[in-house]
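Have a look at the structure first, then read on.

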Amino acid sequence: MSSKEKPTLGGTRIKTRKRNIAAPLDPAAFADVVIQIYLDNDGDLELIAKNIESSNLNFSRYGDTFFEVVFTGGRTQPGTIKPDEGERHPYSIIEFEAKREAILPSVIYIQKILRRKPFLIKNLENVMQRLLQSLELFEENERKKLAIFTALAFSQKLSGLPPETVFQPLVKDNLVAKGLVLSFITDFFKEYLVDNSLEDLISILKRGKIEDNLLDFFPSAKRSAECFSEHFTKAGLVPLVEYNEKKMFEVKLKEMKSALTTQIAEESDISEVVETVKQRFKDAKLPDIEVVRILWDVIMDAVQWSGKNQQQNANSALRQVKTWAKLLNFFCTSGKLELELMYKVQMQCYEDAKLMKLFPEIVRSLYDQDVLAEDTILHWFRKGTNPKGRQTFVKALEPFVNWLEEAEEEE
């Protein structure tokens, strides 16, 4: 039997898969075109923006190069801000005067570009990070221009520029040690606060995760509250100084409260707790009145409450007061501080339903333990100024006050 030949289709060719051949990177050619646009329009940023928007340049590939040209006038060497080979233009940000009116048009220009090409925000971040990490390579006047630009960028809410992009690169030991970061951040604060409130600035610092670490911008030898206040007061940033003092005060209060909470929960000896308070009081330079407030809060926070059993709650609270009365007595050294303690007791009894009916009993216990003097109690009863629950508490305390007055008359 003869074999049959397999049918074939004449004229067909076997197809082979083509390889993906990437076009070679050519940032130099891209930079030259952008620079020529600047030169052709004599630095007129509105005309430059129009020409940029109508061009067919590959911004998705050369975004970093574009912002290098914007900031420095030309390409920079990879990983640095040192000028690379090629032509440059004289209309870059670091060539302008170190004044907001000279630099603001560049911020608006970049904003226009980003609205049309929002993907470029990441390239802006990249270039700004490189610039800020290389502050030592700029002249003092150029660093000031960068600070002004950065402040205006945030002030103008430049298309989602994240604060951490700016602040995190600054915390480099070598830059901080030379004082370059402190100088930059001071110029930034001053410029930003021209158009914005301190609350706006704090919001940016929080988003940049440095609100609690402003001293990190100071050289290690100057990282103290005193140096912070002196530096920024001299720079005319008194509201920032006041904010920082308040912030540090709150931190010290929190630390002191935490330390006391641990000691009281562990039922440490009163003498040990007194020493802790005295040392913290000295280190933090806390006013006497805050110490009294903290002590009362910590003592009452340690009470073991028992759900809805009012009698057990009352017994626990009064037992706690009696246990730590000597501690309160040690620091309530004047009529003013005793009165502050009474106000503190009043507020807690007003705010905590479990303690509402215990006010007269707590006051009586503090009197019996020699924490509150008779004159203090009578002053509060007759002339107390805190209105929270006052009418109710005055009525509840009246029998005890009558007893005090009768005993005073008998004497």
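What follows is a short briefing, grouped by topic.

Keep in mind that this is a predicted model, where local features need pLDDT of at least 70, side-chain atom pairs count only at pLDDT 80 or more, and totals for chains, interfaces and linings use all residues. Residues are numbered from 1 along each chain as its sequence is written, and side-chain values use heavy atoms, with hydrogens and water left out.

**Two helices side by side**

- Let's start with helix α2 (residues 45-54) and helix α4 (residues 100-116), which pack at an angle of about 20 degrees with their axes 10 Å apart.
- Helices here are DSSP runs of H or I with at least four residues, numbered from the N terminus.
- The axes are lines fitted to C-alpha atoms, for helices over the stretch in contact, and angles run from 0 to 180 degrees between N-to-C directions.
- That makes α2 and α4 roughly parallel to each other, a label for angles under 35 degrees.
- On the α2 side, the contact uses Leu45, Glu46, Ile48, Ala49, Ile52 and Glu53, while α4 brings Pro105, Ser106, Tyr109, Lys112, Ile113 and Arg116; contact means heavy atoms within 4.5 Å.
- Sorted by class, this contact has seven nonpolar, one polar and four charged residues. Nonpolar covers Ala, Val, Leu, Ile, Met, Phe, Trp, Tyr, Cys and Pro, charged covers Asp, Glu, Lys and Arg, and polar covers the others, Gly among them.

**Helix α12 and what comes after**

- Helix α12 (residues 238-265) has 28 residues and reaches 40 Å from its first C-alpha to its last, close to the 40 Å expected at 1.5 Å a residue. The expected span is 1.5 Å times one less than the number of residues.
- Several α12 residues are buried, including Leu240, Tyr243, Leu253 and Met256; buried means under 20% relative accessible area, exposed over 50%, and partly exposed in between (1.4 Å probe, protein chains only).
- Just after α12 you'll find Glu267, with a positive phi of about 55 degrees, in the loop between α12 and α13 (270-284).
- Glu267 is exposed, at 67% relative accessible area.

**Another positive phi**

- Lys209 has a positive phi of about 60 degrees although it is not a glycine.

- Phe59 lies in helix α3 (residues 59-72) and is buried, with a relative accessible area of 2%.
- Leaving aside neighbours within four places in sequence, Phe59 is in contact with Phe30, Ile52, Phe66, Lys117, Phe119 and Leu120.
- The C-alpha atoms of Phe59 and Leu253 are 194 residues apart along the chain and separated by 53 Å.
- Ile94 sits in the loop between α3 and α4, and this residue is buried too, with a relative accessible area of 10%.
- Not counting residues up to four places away in sequence, Ile94 touches Phe71, Thr72, Phe138, Glu142, Lys145 and Leu146.
- Ile94 and Lys144 are 50 residues apart along the chain, with their C-alpha atoms separated by 9.2 Å.
- Gln320, in helix α15 (residues 310-323), is buried at 13% relative accessible area.
- Again not counting residues up to four places away in sequence, Gln320 touches Ile264, Ile299, Ala302 and Val303.

Methods: Angles under 35 degrees count as roughly parallel, over 145 as roughly antiparallel, 65 to 115 as roughly perpendicular and the rest as oblique.
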